[in-house]
Every structure is written in C-alpha cells, then in structure tokens.
Amino acid sequence: MSSNKPCDLVVAVDIGGTFTDIALQDLATGQSWTAKTPSTPRDPSEAFLTGLRLAVEAAQRDAAKIGRVLHGTTVATNMILEGKAAPAALVTTEGFRHVMEIGRQDIPRAANLFAWVKPKRPVPPSRVLEVPGRIAGDGSELQPLDEEAVRRAAARCRTMGVQAVAVCLLHAYANPDHERHVAAILRAELPPEVAVSASTEVLPVIREYERSLAVVLNAQVMPAVSTYVGRIERRLEEAGIAAPLLLMQSNGGVAGARVIRRAPATTALSGPAAGVVGARAEAAAAGIADVITVDIGGTSADISLIKGGRIGLTQHGHVGGWPLPLPMLDMVTIGAGGGSLARVTDGALTVGPQSAGADPGPACYGRGGERPTTTDAHVVLGHLPPRLLGGRMALDAARAEAAVRIHVAEPLGMSLHDAARGMLTILDHAMVGAMRVVSVERGHDPRDFALVAFGGAGPLHGASLADLLGIRTVVVPRHPGVLCAQGLLAADLGTEFTRSLPRGQATAAAIAAAFGELEEQARAWFAEEAVPEAARVLSPVVLMRYAGQGSELPVPWRGAIATAEYDFAAAHRALYGFDLPEGTPELVTLRLEARGRLPAAPPLRLAPGSGAVPVGRHTLHLREGTCDAPLYERATLGAGDAFDGPAIVMQFDATTLVPPGWHARMHGSGVLLLERAG
Amino acid sequence: MERRCDPVSLEVIRGAIRAAQAEMEALIERTAMSAFIREKKDFYTALFDADGVMAVGSNVPVFGDVCGPVFRDFPAETMKPGDVYWYNDCYGSRGAVSHSNDQVLLAPVFHEGRRVALVMAWAHFADIGGLRPGSISPDATEIFHEGVIIPPTRLSDGGVVNEATLKIFFRNSRWPAACQADLRALLASVGLGATRMAEIAARFGTDVLADALRQLLARTEATIRTKLAETFPVGTHRFTDRIDGDGKGSGPLALRFALTRTPNNRFVFDAEATDDQSPGPVNYLMNPDVPGMALGLFLLGGDPTQVTNAGGPRAIDEVKLREGSLLQPRWPAALGMRGLTMMRMLAALNGLVAAAGGPAPAAHAAYVIMLLRGLAGGKPFLMSDGIGVGYGARPFADGTDAVYFVAQENYPVEFLEAEYPARLLRYGVHEDSGGPGRHRGGCGIVRHYEILAEEAVLAVRIDGVQCPPWGVAGGQSGRPGRAVVNPGTPRERVLAPLSDGNRLVRGDILLIETGGGGGHGHPFDRPAQQVLEDVEGGFVSAEAALHDYGVVIRDGVLDEAATAARRQDRPASKAFHRVAYADVLE
C-alpha cells in the first residue's frame, strides 16, 4: 500500500489529554476541515474514529477517498514519563548485570548529594539476565555466544512472566552478530506476544548504559504501541478506509506502522514534533525559513529552532529524565505554562514548575483553584477577553485578582498589576533562557530568526518574548491551539541511518563504502514505505570531533575529507568560539538522512480583507498605563488587514496579545504576523 | 541612591546566572580532550560578586575562597576587561585548590568600565608532571612530587594570552596535547561566562545586579543560620572520624571536630584536635570556608529556590584549624591523595549533626581511584579510573548505591576498552558492602580488569578498610573494599589499599572492590520484602540477609514464619556503629 499514490484526501488525527483534533484536507484544492471530539483515554482509537467520521461528514466527502492517515501518538511518551511500561527483562553480557543500575555512577550536577535519591531503573537488576559470549571493541569475537545460556534466559523470562525482553550486549555496535543471534533465539523460544528488541536495531552506537536504556524503553513500549496501532488499523478498516497509517516520530518525519512497531521509542517526542513541523509549515507559508518555535501549553513550554527549513536534531535528548540518544528534535522543555503556579518563599517569587493542571486549573476558571497561575496574571492585566472558546467559557476576573493579590502582591508589598506583570516577566525569562539554549548556545543569533508562537498560551507571550530577544517578527499560526494536526498534514516520511567508523579507518574509500551500505539500507526503507524515485531525498552527514574529544558535531558530507575538516573547524568556531589548528579532526560517524516527500496540497490563499474592524473593546493594564484596547475576531480578518497594538485578537483556540509598539498584519497564507514597529 | 533589585528581577537574574553556568559547563564538556574531563566530568564553574565572594556555586561542598589568592597578587582595581587569572597553587591559595591537578581560571567581568563580577572555570588536568604519570601518587611525600605549581598568574592580559607561560606548563605535562585542548576549553568557558555576565549586567544595570548577588548571599546565610540553630542546641557538639592512614605507616588518623553554639548564637567550628599531618599525601589543606560550605549544602537539602554560595561559610562565625595538623599541613607536605580525607571530613560533619540528634545521613565511603600507567604497543598510556562507592543511608531513604560524587561520571566499559589496554570482565555492584540498616547503606562497586598492556604500574587508593564508614541510629557500618591481583589463583596477591608501584603484566587480572556506606536504623526493622528484593538484585546475599537482617530466604523464597521467629532475637544497638556498636565513636 503506497502512501504516495495519487489520492484526494488526507487526514490527520492528534489525540490530546482532553480533546482529539482532526484535520481533513483536500490535496487538490488545499481546502481543509477540522473537527474536535472528547478524547477517550480508555481506548483512544474510539475518539480517533468518531472524530474522523465527524470530519468526513463536515466535508461531505467519501471516506474511501482518503489516501493517507497521519497520527501523532503519546502512548509511548506517557508510558515512559509515568513509568507504567510493561514489565520487561534485559539480556546482557555475562559480568555486566548492573550496568543499568550503576548508570554513569554520578550524582547529577544539579542535585544535592545528601538529598538525592537515585531513580528506580525501568528494569530492576533481578530481571537482568547474563549470557556468556564476548565481542571486542573492534568487532572481533573473543568468546562464542553460549546458546544454551540464552535458552535458559528465555526460560527465566517465561517464568518471570515479562511482556518484553530487551537485548544489549557489549560492543554490539561494532558487531551485532551475537545480539541478533540472541534475539532470534528469544523470538523462537518465547510466545509471540512477548516483544523482543535488540539494541542495534534501535541504536547502534557506543556507550552501553545509554544503549541499554534505549533498547529497554523501546521493548517496554512495544506491546502497548503494537496493540494501539493494531486497534487503529482495525478502526480504519471498519470505516472503510484502506489508507496507510503513518505515525510521527521524534525526528519530525512520519513512518509507517510496521516501522513504528519495531522501534516505538522513536515516537517519544511524537506530539511535540508534530507541532514543530506545523510551525515550520506555517512559517514557510509566510516565506520565513529561520524560526525559533515556542509551544506554550498548560504545564510546560517546548522550544526548538529551525534553520533554513531544517529542524534541529540532537543525539543527546532526554525523555522523562532518562537519556535517550536516538536522533530527536533538539527541543528544550521547561516546566512553565498557563497553569504554572506562583509562590512566594522568603521574599522570593517563583513561577512553576508546579502546575494547577486541568483540575482545579487557574483560579479564574472558578473550579476551586485558589492559587494564582500565569493565566490568572493574564486575566488580571486584561490580556484575555472575558470569555474563551468562542464564548463557551467565562473567566472569573475577581477570583484571578484575589489569587494574585493574596498570594503574590501582598506578601511582596507590590501593587496587584505589578505582581501580575512580575509573574509573567519571570515566566518570559524562563522561556527566554530555553530559547537562548537552542539559539545562542548552538551558535545562532536569535535576532536572525522569527518566532512562531503557538499552543494555547503561546500567542499571549509571543511579542514579549520577541522583545526580550531582539526578534522583530512573530508568526501566529492559523490555529495556534491545534497546530499538531496541521503539522501532521505537512510532514514527510523521514528516518536516519548511522554507522560508526573504527578509529583511524575513516579513509575516503571506507567512507564511500560505508555510505554505500547506508544507501542500501535507505533504499530498502524507501521500498518498504513505497516512496517513488522522484520523492526520495538523501542527505549524507558526517559527525566529527578533534581526536580526544568526547562529543561530535554534524557536518554535511560534500564528498571530500578535506572539505569536511574545513567545515568542521568552522562549525567548532561558530559553536564554541575557538578551533584547534593543532588538533586532529576525526570523522567518527556517518549518518544518512532519508526523506520521502509526500504529495502536498497547494497553499491556501486567504481572501483579501476590507480593513480590520474591532468587535469590541477591552481594558488593558500595560506597564505604560491603563488603556481601552480594541478586540478583533480573527475569523473576520482578511489578507492584508492590519492594525497597531495595543490590541487583542480572539479566536476559538487561542488569544493573541499585540502590545504597543507592535504592528499586526494578516498574511495571505492566513497566518497573523506581528512586526516590531520602527 | 543605588537601585535595589526587586523580587522579580532577582528570580530572573538567578535563572540567567544558572543558564550561563550551564552553558559554560556544556562548553567544557564538549570541547575538552582528556577523558578525565570529558567522560569523568571533573570540572565546575561558579560566579562571584565584584569583590570575589561566591554568589552562585555548584553543589560540590569543597570550594573555599577562590578569588582571594588572586586579589593578593593582582589587586581587584588593577583588573581589566579581557584579563584571565590562573592558578593551581594549593599552599598559595590556603587550600582554595587542594591538589595541584585542579586548574582554576578566573575572569573579571566589566560593564561600563565597572567590575561587576568574576567567573570561574575549574577542571582536574590528567597530568601536570610530577613523580608519576597522573601527577598524584600514594608515593609522593612533597608537593613538588605532584607536578608543576602555578602561583596566581595573569594568563590573559586584556585579551592577550601569555603563550610563554602556557608553553612552560604544557612542556611539563606528559600528555601536552590533551593539556592544551583542556586549557583552551577552560579559557573559552570563562570567556563565555564573562560575556554572559556582562550581558546580564547590561540588561539589569550594575547596581541591580550587585544588589541581586548581595540578596542571594544574604538569603543563603539567613537560611543556614536558622537551620544551624534548629539543628544544634546551645553547647559544644563533638564528633571524631578516622581515615585508615597515609600508606606510609602512620594511621589510623583522626579528624576531631567540635561545633559550639554560644548562648548568643555564634557558631564556632574547631578542628584543632585533629591528628598531626602525615608524611604520605593524604593531608587535606582545608580552606576555612569549607566546613560552612559543606554543612550549608546539607542544611539546604536540595531546596530548588536556594543557591549554594558563600552564605554557608558566613553562617559560621569562627573556624579554628591547627597548623601542622592533617587539615592544615605545613608546606611542602604532599596533598595528592587528599580526596579520601576530604570525603571523611564530609562524613564527620554529618557526624556532628548526628551527635546533636539531627537527621544526618550515615557515613559514605571515600571514592576509589586507580591509576594504571605503562606501555602498550610501545606507547606510554595513563588510565586514571575513578570508581564509585556506597553512600550513607538516610532517615528517609537507603544510601545511594554505586556513585562516585557529584557530577563525576564513569568511563563506560565500551569506551574504556576502546581507549585503554585493559578489558573489563565484570562491572557490578559489590554485594553485601552496604551497611545493614532499616535503611541500607549504599553498596560499592566491583570492577574486574584484565591487563592487556605489556607492563604497567598501578597506584590504588582505597580507604575505610580498618575504619569503615559508620552507621547511625542502629544502622551498621559499611563493609570495606580491596584490591587483589589474580584472585583465586596461586599467584593471588592482595595489594596495600593505599599504594603505588604495584607491577602488573599482560594477562594479570585485577579485581577492585569498593566499600559501602553506613546503614541507618536497626536492620531488623527493614521490611523483609525489601531485603528479598536486595537479595534478588545482587545487593545482599542470602547469608547476609539471615545474619544481618534476620530474614530467612530459602531458594529465593521468603520464609515469613522463620523470619518472624528469627527477628524475635533482636541484637541490642547503640547510637553509632563502626565494626561494633558504640555510643560515641573515638
């Protein structure tokens, strides 16, 4: 089943904690329809299907015309974050049972050594089984694998009743033979419902602890992800949709269900990645390729950077406190969002990471919350209209004021409005800190970028964040609160193939040969995902360092070692401020990034407007003073409509604050651009 | 009038400084070349106010007055933008640096012509010359055996780096290339830190920044004073702890501490009764700021709104140390193995808290180091491996198993084997090393090496063999570590725990086991199910479960009836335990 066959319709489904959002798009015209339905946490596929039917009805189209179904899933993420993954075992090399337990033998740099409690490993040492057999660092076999011991380990796994078995053997990145053999025996000996995953199938890189963690987490989420994917596929069948299901991965590319079942850990950042892909598409529609993205939700904010349309990836990511060195979105998450609570201790004001969550939520929701959240601060300052969600939800300004006054203003001896502004300032600076991590720390000047602000609370902060960083343009997407579904529609198929080169063997011939093998693998993957020749894109990258360093920098491979060395020195200077002319550049790992372009709809053009007309007015308490600001309804704005701040723009899923000194303009693509005046 | 820093700006500045620190650390980690820094991560950063008082430190409680030594030779008012100062001089810095391998770089930060702060980057360099590769050796008897000494020096004068000084330094290292890259990394890091701090000063103004740093200090000091008063009743509290010795025949050596709270709430720390300095390199030249820094870190207890800084030392009104003692040795005593004394000092401070009835953790073991140097394929190599130990059990949790120290990581097996002429046969938890207790002391580590080098000389440092880490409140002491060559063969030889010059040849097997931490609470009160999990996980043997915990496990199954019967016969306990129970440790 090809995901590239000519088709009329594509559909994207994003399942959130409260609502499931669906976007249906006509590939010929670019027209799209959205639907929203309450999520069904017990069996998310139920809401998946309900929403899909709603969208199809709204569009009055034939479900059979749907050519691909795109989905961002948080199943794996939530299991890892909540530590609720399936009971699993780990099979490892004899003598190394405690590698997971020891980890990197450190007390974290930010921890207090007397107070720190080591987190429980996803697999306890009692379920780590050792098998004799040894591969050396150069890939040679030192001791043959003891197959009988592997069978005994399989028997132990049966007795323990585990649902998943991970395999991580020493030096498997250099030679995966033993590991493959162990996995094969386990698969033969264990019931088919027990998931088996070998480290080199997930992540063939050096460092046993991190690789063990990656494969354990992968194995643990395999059963649930597999069941989940299976259910959705059945629902699609029931609905008469014979289209392939594509899932978003942490790297910003989608992959077919078969690939995801094998390596579900690659979906750990599926949700945030969909948002970032959406942000890229919205910025691109406005002709902007370099952006910093900020997604502000209720409890956290996710920040990432896109340069020249390329999403920044990292191999040093973390999920739920565990290092997960799979290529993933280079994203910084901070515990600050609309529900973050402010508190005063010893005369010091902090905001977050504790959150009021959805229940009771901010004080202004009137659901029993009494502590002030950032949303309450916005209400106090007049940044939010009296009613949200298209008028369905009233905000209780009196409760918001009481919360801010009692818990912040009075303890600090500040005015109500200064206290509320103080809370937002702290939140903004926390986010600016994270934005500097993805920009300044990576050698980029944030002033060269635009900011895409999304998530329910993003457009309230976009302009103030931009001011702090010297950014002059803010992009507010068409639907800032449901950007993930849009992102799915815009995604391409994507994956990476990597190969480490033994030290001192990075000759031109060896590099060519290794890239040849990676291309072989990429071709097999393209075939599996049914990507036609014309839609295949390959980008070779080499990871380099100075001999002796422990961390590599990616450099595009332009076919010659000398060029790569030159590029590497430049990248080192840009990133760290110096290079080492006396050092020896070393080419450590080759990476082939594969993209399969999916057919896209033509860009939507917004009808020209006839001048922005406010639908009302609202009192804003600005630092400069109190004023009566116009309220605009976004749906009434047409292309070219423009106005100056201060102003507020309302729409169903978000509210945009246009501060004084900022100019707002509807772009022909439907995105709202805020531009710094002067 | 000077502008004050409001609570909002204070929180914002605190966040910005933390971010600058994280960025400085990331830069060192990614660009340094020696494994000591990039894998083991033996480096730190800190920020000081314009007068050199530490305003934001790291969670490592062993820093003293870092800026003072520089100011003595280079008065603060003579500093200018682009300057970088450097030293590793232990005696010249009164122990701000306590062994010569640690290089300290300091850069003043300026805004509108005014000095507003100083930033520090600090890292352990793998080799700076001296008696043996790695520069620290149990055989050293003078500081001169421990590598080149750099007194406070202006390394960069207004942005112009003194390359001649660097040349001399690099020439004194057995591995100049790594030394060079590590120094570049530190230089870039303080440069970056200075840039970031100048940006912060520009954003908020010099006065506001200065006031913010003042407030951070005052807040930490006030919190620690309050907590000290909550922990220590008026009167004198005493605790004595011991290290095994100096490897040269003297030992055990006692650290004797007294903390007095006067009726008018002055706190006086007195370590004058500590034993004399020793000929071996276990002397710990303790900066007078350290006891306050370490007690402060314990008392802050990981509260994320607090920062570790000079507020800790300021909360202690007087520190009494005796020249010629183990904690205040006279020039030129050797200091290279001071790590074990330093770790024991931290445990003894917790002992003061425990003696006063406070919720202190039991003692931890001192991390173990091994240095293997020799020839492989005709080329010299140096493998300095730091091995984790067990930490003390706490009133609220078990002691941490198998950790080294704050921020310092292991060499992954795959990395070690790729880099050095050794193969690991086993890397695991040292069973039964954690002190038994209601909360178990953390277990140490077992590392089993096969030597692949043609020949090599091993230095090893294991403390707590004769005087293991104490247990408290009924908990028992941790069990010691050991180093053995070719265990279980006719060629078996047990190495002196603190020794150098141990010759190894290709094919030799080296087993290093490290010690565990002390337990907390009576072991018979540990839930049997937890003991069973410890047995299943390889932390406690079935025999020790029976003997130490009174828990009967047969063929991996818990026998509850037999356990209940056994636990009827509960051994009596006392306040502390080191090998045997005692009311006071001597």
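Pro646(A) sits in the loop between β33 (642-644) and β34 (647-651) of chain A, and a cis peptide bond with omega of about 5° joins Gly645(A) to Pro646(A). The model is predicted. Chain B also has a cis peptide bond, between Gly251(B) and Pro252(B).

**Backbone geometry**
- For the bond between Gly251(B) and Pro252(B), omega is about -10°.
- Pro252(B) is placed in the loop that runs between β8 (235-243) and β9 (253-261) of chain B.
- Ala402(B), a residue other than glycine, has a positive phi, near 55°.
- The loop that holds Ala402(B) lies between β13 (379-387) and α10 of chain B.
- As background, most residues other than glycine have a negative phi, and most peptide bonds are trans.

**Chain A: overall form**
- Chain A contains 16 helices and 37 strands.
- The radius of gyration of chain A is 26 Å, close to the 26 Å given by the globule rule for 678 residues, so chain A is as compact as a globular protein of that length.
- The C-alpha trace of chain A spans about 80 × 60 × 55 Å along its principal axes.

**Chain A: domains**
- Chain A is divided into domain 1 (9-79 + 227-267), domain 2 (86-221), domain 3 (275-488) and domain 4 (493-515 + 530-594).
- Between domain 1 of chain A and domain 2 of chain A, the C-alpha centres are 33 Å apart.
- Their contact takes 6 residues from domain 1 of chain A and 6 residues from domain 2 of chain A.
- On the side of domain 1 of chain A that touches domain 2 of chain A, 5 residues are nonpolar, none is polar and 1 is charged.

**Chain B: domains**
- The domain assignment of chain B gives domain 1 (7-218) and domain 2 (361-522).
- The C-alpha centres of these two domains of chain B are 30 Å apart.
- Domain 1 of chain B puts 17 residues into the contact and domain 2 of chain B puts in 18 residues.
- The side of domain 1 of chain B that touches domain 2 of chain B has 7 nonpolar, 3 polar and 7 charged residues.

**Chain B: helices α1 and α5**
- Helix α1 (residues 7-31) of chain B packs with helix α5 (residues 176-204) of chain B at an angle of about 165°, and the axes are 9 Å apart.
- Because of that angle, α1(B) is roughly antiparallel to α5(B).
- The crossing of α1(B) and α5(B) is right-handed.
- Residues of α1(B) in the contact include Ile13(B), Ile17(B), Glu23(B) and Leu27(B), and those of α5(B) include Leu186(B), Leu192(B), Arg196(B) and Phe204(B).
- By class, the contact of α1(B) with α5(B) has 14 nonpolar, 4 polar and 2 charged residues.

**Contact between chains A and B**
- The contact takes 62 residues from chain B and 57 residues from chain A.
- On the side of chain B that touches chain A, the elements giving two or more residues are α1, α5, α7 (290-300), α10 (413-419), β14 (422-429) and α11 (528-537) of chain B.
- With 14 residues, α1(B) gives the most to that side of chain B.
- The residues on the side of chain B that touches chain A divide into 32 nonpolar, 16 polar and 14 charged.

Technical notes:
Residues numbered from 1 in each chain as written. Chains lettered and ligands numbered in written order. Predicted model: local features only at pLDDT ≥ 70, side-chain atom pairs only at ≥ 80, totals over all residues. Domains from an automatic or database assignment. Contact = placed C-beta atoms within 7 Å. Nonpolar A, V, L, I, M, F, W, Y, C, P; charged D, E, K, R; others polar. Axes fitted to C-alpha atoms, helices over the stretch in contact; angles between N-to-C directions. Helix = DSSP H or I, 4+ residues; strand = E, 2+ residues; numbered from the N terminus. Parallel < 35°, antiparallel > 145°, perpendicular 65-115°, else oblique. Left-handed = near helix turned anticlockwise from the far one by under 90°. Rg over C-alpha atoms; globule rule 2.2 N^0.38 Å.
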